[in-house]
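Here are a few notes to go with the model. Have it open while you read, and find each residue as it comes up.

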Amino acid sequence: MRFLLIILCLYTLPVTAQETDMDTMFGSMRKNEVNVRSGPGTQFPILWVYKRFGYPVEILNTYQSWYKIRDIEGESGWIYKGLLSKRRTSLVSEGKPLVMYKKPDATKPVLRFAPNVILAIDHCTPYLCKVVYGNVSGWVVKNRLVLGVD
C-alpha cells in the first residue's frame, strides 16, 4: 500500500519547464516582421515586433521551439526558432561612416557605411571583422560594430 501511495504522489508533483542556458550565440531576424513575446509560446502576449530583416540579437536561452533573445537596447523576449537565423549580423555604430577595406591591411577602401547599416559577419580577428554587404565582402574595424561580435 505504501508503495502505491508513493507512486501516486510522484505523479501528482508539479512539472516545471526548464530553459537551457547557452554559451554566447548571436543570430538575426529571418523575416521582415518578427513578434517578440513575453514567454516561449503563442499563448504569451506580444511585447513588440521587429520590422527589419537581418536585425542582430544575442541568443540567451532555448526552450523547445523558442529562443530567448536580447537586442542592442538590452531588451529581451522570446522568438520562435523558425523566425531567427543563425547568421551572425551586426549594426554599424553611431558616428563617422565606417569604411570597408578590400584587405585587412586597410589600403583599398571599398565602401563606406552609415550608422545602423546591417552587415553580415563572416569572422573576426581581435581588431577587425570580415563582413559581407550584398555581394561585396571586406574588412572593417571591429569596435565600430554593435552586437554580433565578441
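This is a predicted model: local features need pLDDT of at least 70, side-chain atom pairs count only at pLDDT 80 or more; totals for chains, interfaces and linings use all residues.

1. Start with Ala106, in the loop between strand S9 (98–101) and strand S10 (109–113). Is it buried, partly exposed or exposed? Its relative accessibility is 41%, so Ala106 counts as partly exposed.

2. Now check the backbone there. Most residues other than glycine have a negative phi. Ala106 is not a glycine, yet it has a positive phi of about 60°.

3. Leu147 is another one to look at: its phi is positive too, near 65°. You'll find Leu147 in the segment after strand S14 (145–146). With a relative accessible area of 19%, Leu147 is buried, because the cut-off is under 20%.

4. How many salt bridges does a search of the whole structure find? The search turns up two. In one, Glu33 pairs with Lys51, with the closest N and O atoms 3.8 Å apart. Glu33 sits in the loop between strands S1 (20–29) and S2 (34–37), and Lys51 in the loop between S3 (46–50) and S4 (56–63), so the pair ties together parts 18 residues apart in sequence. Both Glu33 and Lys51 are exposed.

5. There is also a salt bridge between Arg70 and Glu58, whose closest N and O atoms are 3.2 Å apart. Arg70 is in strand S5 (residues 66–70) and Glu58 in strand S4, so this pair links parts twelve residues apart in sequence. Arg70 is partly exposed at 32% relative accessibility, while Glu58, at 15%, is buried.

How values were computed. Residues are numbered from 1 along each chain as its sequence is written. Side-chain values use heavy atoms; hydrogens and water are left out. Helices (H or I, at least four residues) and strands (E, at least two) are DSSP runs, numbered from the N terminus. Buried means under 20% relative accessible area, exposed over 50%, partly exposed in between (1.4 Å probe, protein chains only). A salt bridge is a side-chain nitrogen of Lys or Arg within 4 Å of a carboxyl oxygen of Asp or Glu.
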